[in-house]
Amino acid sequence: MSAKDNLIALPNGRLRQKSRRLPVITPEALGVIKEMIEATVDWEESREHEVGVALAAIQIDKPYRIIIVRNDFENKADKSFSVFINPEIVKTEGELKEDYEGCLSVSDVYGKVPRYDKVRVRALDETGKLVRVKAEGFLARIFQHEVDHTNGIMFVDHLKNHKDAFYKLTDDGKLEPLAYEEVEKSGVFED
Ligand SMILES: [Zn+2]
């Protein structure tokens with residue numbers, strides 16, 4: 001058993017449950033965070049063309065409102081992550097912009113998802129300290145994707161009946177269009 005085997009993927013319906021807030025940071029929660037980082041790093045080591053940029057606890061079947069976000073998206077060698085507990089998007093700004101997203105819990109399906117360009121996030125770090133983040137662009141997108149996970153929402157849910165929104169990764173690491181029928185067949189819209 002390797003750490004990435006803890007990851008769950010659609011059509012597993014547990015991904016669509018709402019995760020619980022943590023009133024205090026328990027040793028168990030710290031253990032979950034460690035498992036989340038291990039699963040993400042192990043997963044990306046098995047994928048040639050992808051980087052694990054973030055994860056929510058529900059993706060390893062732990063229904064807590066915890067997300068981790070990689071500190072340096074550009075550098076696969078830097079395996080450090082920041083931890084956000086009970087994360088909330090307190091403000092969105094700017095326009096909705098479409099860009100590619102993938103998810104460790106949606107195997108081999110990518111989509112162009114509309115997200116706000118700027119968000120403000122409030123959360124606790126792993127020591128229980130309040131943190132506030134102003135995020136833009138790709139980081140803002142990641143926070144929206146991960147906070148969605150804590151609410152049981154998957155990126156594909158934003159793209160239901162969007163016939164031209166889906167892509168797949170080719171063997172040489174490029175994204176090419178994926179037929180909507182194929183996406184339906186993969187079971188990602190089942191609950
Ligand atoms: Zn995801």
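This note goes through a predicted model from the chain as a whole down to single residues.

1. Overall make-up. The protein chain contains three helices and seven strands. Along the sequence these follow the pattern α-β-β-β-β-β-α-β-β-α.

2. Overall dimensions. The radius of gyration of the protein chain is 16 Å, which agrees with the value near 16 Å that a compact globule of 191 residues would have. Taken along the principal axes, the C-alpha atoms fill a box of roughly 45 × 45 × 35 Å. Of the 191 residues, 34% are buried. Among contacts with a separation of 6 or more, 65% are between residues 24 or more positions apart.

3. Helix H1. This helix covers residues 27–45, 19 residues in all. From first C-alpha to last it reaches 27 Å, close to the 27 Å expected at 1.5 Å a residue. Its buried residues are Ala29, Ile33, Met36, Ala39, Thr40 and Trp43. They lie on the same side of H1, because they cover an arc of only 130 degrees around the axis. On the other side of the helix, Pro27, Gly31 and Lys34 are exposed.

4. In soluble globular proteins, nonpolar side chains tend to be buried together. In this model the largest nonpolar core has 47 residues, and those with the most contacts inside it are Leu55, Ile66, Ile67, Ile68 and Val106. At least two residues of this core come from each of H1, S1, S2, S3, S4, helix H2 (137–150) and strand S6 (166–169). S4 gives the most to the core, with eight residues.

5. Ile66. Which residues is Ile66 in contact with, leaving aside its neighbours within four places in sequence? They are Ala29, Val32, Ile33, Ala57, Val83 and Ile85. Of these, Ala29 and Ile33 are among the buried residues of H1. Ile66 is also one of the residues with the most contacts inside the largest nonpolar core.

6. Val83. This residue lies in strand S3. Is Val83 buried or exposed? Val83 is buried, because 21 other C-beta atoms lie within 10 Å and 20 or more are enough to count as buried. Leaving aside its neighbours within four places in sequence, Val83 is in contact with Ile33, Ile66, Ile68, Asp125 and Glu126. One of these, Ile33, is a buried residue of H1, and Ile66 and Ile68 are among the residues with the most contacts inside the largest core. Tyr167 is 84 residues from Val83 along the chain, and the C-alpha atoms of the two are separated by 29 Å.

Terms used: Residues are numbered from 1 along each chain as its sequence is written. This is a predicted model: local features need pLDDT of at least 70, side-chain atom pairs count only at pLDDT 80 or more; totals for chains, interfaces and linings use all residues. Helices (H or I, at least four residues) and strands (E, at least two) are DSSP runs, numbered from the N terminus. The expected span of a helix is 1.5 Å times one less than its number of residues. A residue is buried if 20 or more other C-beta atoms lie within 10 Å of its own, exposed if 12 or fewer, and partly exposed in between; C-beta atoms are placed from the backbone. The arc is that of the directions from the helix axis to the C-beta atoms. Two residues are in contact if their C-beta atoms, placed from the backbone, lie within 7 Å. The radius of gyration is taken over C-alpha atoms; the globule rule is 2.2 Å times the number of residues to the power 0.38. A nonpolar core is a set of buried Ala, Val, Leu, Ile, Met, Phe, Trp, Tyr and Cys residues joined through C-beta atoms within 7 Å.
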